[in-house]
Number of protein chains: 2
Amino acid sequence: MTVPAVRTAPRALRTGLLALVEERLDGLLAEEHRRWSRVDTRGAVPVDDVAALVRAGGKRLRPSFCLTGYLAAGGDPGAGTVVDCAAALELVHVGALIHDDVLDAADTRRGAPAVHARRAADHAARGWHGEARRYGEGVAILAGDLADILADRLTADLPPHCRPLWNELLTEIVIGQHLDVAVAAEAVVDPDLSRWIAVCKSGRYSIHRPLALGAALAGRPDLAPVFEGYGEALGEAFQLRDDMIDAFGDGAVAGKPVGLDLEQHKMTLLLALAVRADDRVRALVECPVWDVPALRDRLDEIGIGHEMEERIGTLVARALEALEDSGLPAPWQEELTAMAYEVAYRGR
Amino acid sequence: MTVPAVRTAPRALRTGLLALVEERLDGLLAEEHRRWSRVDTRGAVPVDDVAALVRAGGKRLRPSFCLTGYLAAGGDPGAGTVVDCAAALELVHVGALIHDDVLDAADTRRGAPAVHARRAADHAARGWHGEARRYGEGVAILAGDLADILADRLTADLPPHCRPLWNELLTEIVIGQHLDVAVAAEAVVDPDLSRWIAVCKSGRYSIHRPLALGAALAGRPDLAPVFEGYGEALGEAFQLRDDMIDAFGDGAVAGKPVGLDLEQHKMTLLLALAVRADDRVRALVECPVWDVPALRDRLDEIGIGHEMEERIGTLVARALEALEDSGLPAPWQEELTAMAYEVAYRGR
């Protein structure tokens, strides 16, 4: 090994705990499968839908940040609560994805058909009663609910001082998601609101709260402001990268359909910033029906990609600044720096 | 007052605590409303949808059973945890109703438009972007999710020995509901499975678990078998009454559309029992498309109403038997007896 140990030790430690998170998820889902399939073969369907999405991979971003926050704050790698908490974060995320895919009518996820799409296709193929769409979406609603319930179960041992963080995270996902839906439906052009949604959904939910939760579990709630600074800036960068992949990227990298944001009149952060910068984009967005090819061309013309790359760079720098004077051990500062680049430059 | 005090004391005590449950719900929802409407006027929409359904009334069956289990078991009426737990049960129920109404395409609830129907109508009236149905259902999915999250928050102080009961209750709702949807779609004719679903959704979720949870909070987990016997028999009676109201009752009593079960090919417990009793009903139910008027006529002809009344009577008697030798104070046995009649004979 030529890589200095100081740089690999944190990641190896986290990877070890992440393997325990996978075991915890597998064990819980296998147990629930056994239990409900004894009632009836159909009883375990919601469990299986959750399990399929968990096993399809994904970046495990939230569990990774939770474990990182915990370990960086000096948490005992042998304690089990953080493993349960990280597993719960992944289940909450899977539940949110299942519901989001219904909300967005998105048919693929993690490279496979979304739950509602797969179940609706089953229904149609077997000629069951009722409407295939309603059946598929109904099964998906229940599967998402189940993921949340299983997450709830895994957080039973969360110490009281961590509970408010956990509750905030859950509530923010729902409110952020609702505002996202509302802004798209009402074609609201409000860059500040779009930025709030991005900070809420990506910054807080995906990065800041998981890190702060990990630190609180390690007995270091005082680290919350450090992780807030890091997480909110990096979250905005993460959201801009997501918007860029959706606007210009390809589905193979994303594991989900791209171009949906524009087609669904989503006032993404990228678009909100473009509206503020360019009157022609504003005019196109203010039309009752969006001319998506014209919009994409205009975004290209004004060099939005370049501008966003600059902005992402600034945000990453701001995230890293939050780590300075944090008192976190140097190897963990390096690891958090590496994670920032991975999050902000994924799919490139 | 001519009614002996011994019979009214338990109800008065419970009514007092139920008023605190209402205050707790009102306070929590008002606080969340204030908080999220500060972000944006649209931010509080999911909170308002939950609040509207909470305030529209309902029987408060689950909170009442929880408080009754607690008080009957000798719980301290001055402690707050049971109030939070009872409020959480109502929020879980409201969340389940919001999601169920999407699953069942039911347009009214508690005498008012269901959340998804009201929001879809708003969308259509205002000419917003996208599909009104998807928007309405999306908002309803998020509102149901929020209700569950707020319930989660209210159970933060639940003692560890109560947590498994709470988790069971939540999981059973989802699995029971999924099986209900699956049985309808696949036109499964299996009276045992239909009975399992009824016991799960009505017996356990609405009666047995809330009572047992209350008793456990009062430090009497040993009462669980008594409340299991009472709750599962009474739950089946409750479900049969629900099926009877849907098949023969009127919407004004139910506060929701009636006749939906047959139209949606729901293999209710009532219908499953009728299939077992009568070959003509079986033949009608085995047709790919149900002839609903013919089915209703045949159910009438074979006197299903009379048979179900007999069965309900037997179930109520079995529920009351579970109270004998329970060691519960006589006034609480009387109160539980009164509740059994109210549940089994509501809307009559």
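Eight salt bridges are counted between chain A and chain B. The model is a predicted one. One of these bridges joins the side chains of B:Arg42 and A:Glu186, with an N to O distance of 3.0 Å.

α7(A) gives the most, with 17 residues. By class, this side of chain A has 32 nonpolar, 10 polar and 16 charged residues.

The extent of the interface was then computed. In chain A, 58 residues are in contact with 58 residues of chain B. The area buried between the two chains is about 5,500 Å². Carbon and sulfur atoms give 65% of that area. On the side of chain A, A:Arg42, A:His129 and A:Arg134 lose the most area to chain B. Together these three residues account for 14% of what that side buries.

Attention then turned to the nonpolar core. In soluble globular proteins, nonpolar side chains tend to be buried together. Here the largest nonpolar core holds 238 residues. Among its members, A:Tyr230, A:Leu234, B:Tyr230 and B:Leu234 touch the most others. The surroundings of B:Leu234 were listed with neighbours within four places in sequence left aside. B:Leu234 is in contact with B:Phe65, B:Ile207 and B:Ala319, and also with B:Ala340, B:Val343 and B:Ala344.

Conventions: Residues numbered from 1 in each chain as written. Chains lettered and ligands numbered in written order. Predicted model: local features only at pLDDT ≥ 70, side-chain atom pairs only at ≥ 80, totals over all residues. Heavy atoms only, no water. Core = buried A, V, L, I, M, F, W, Y, C linked by side-chain atoms within 4.5 Å. Buried < 20%, exposed > 50% of the residue type's maximum accessible area, 1.4 Å probe, protein only. Contact = heavy atoms within 4.5 Å. Buried area = accessible area lost by both parts, 1.4 Å probe. Salt bridge = Lys/Arg side-chain N within 4 Å of Asp/Glu carboxyl O. Helix = DSSP H or I, 4+ residues; strand = E, 2+ residues; numbered from the N terminus. Nonpolar A, V, L, I, M, F, W, Y, C, P; charged D, E, K, R; others polar.
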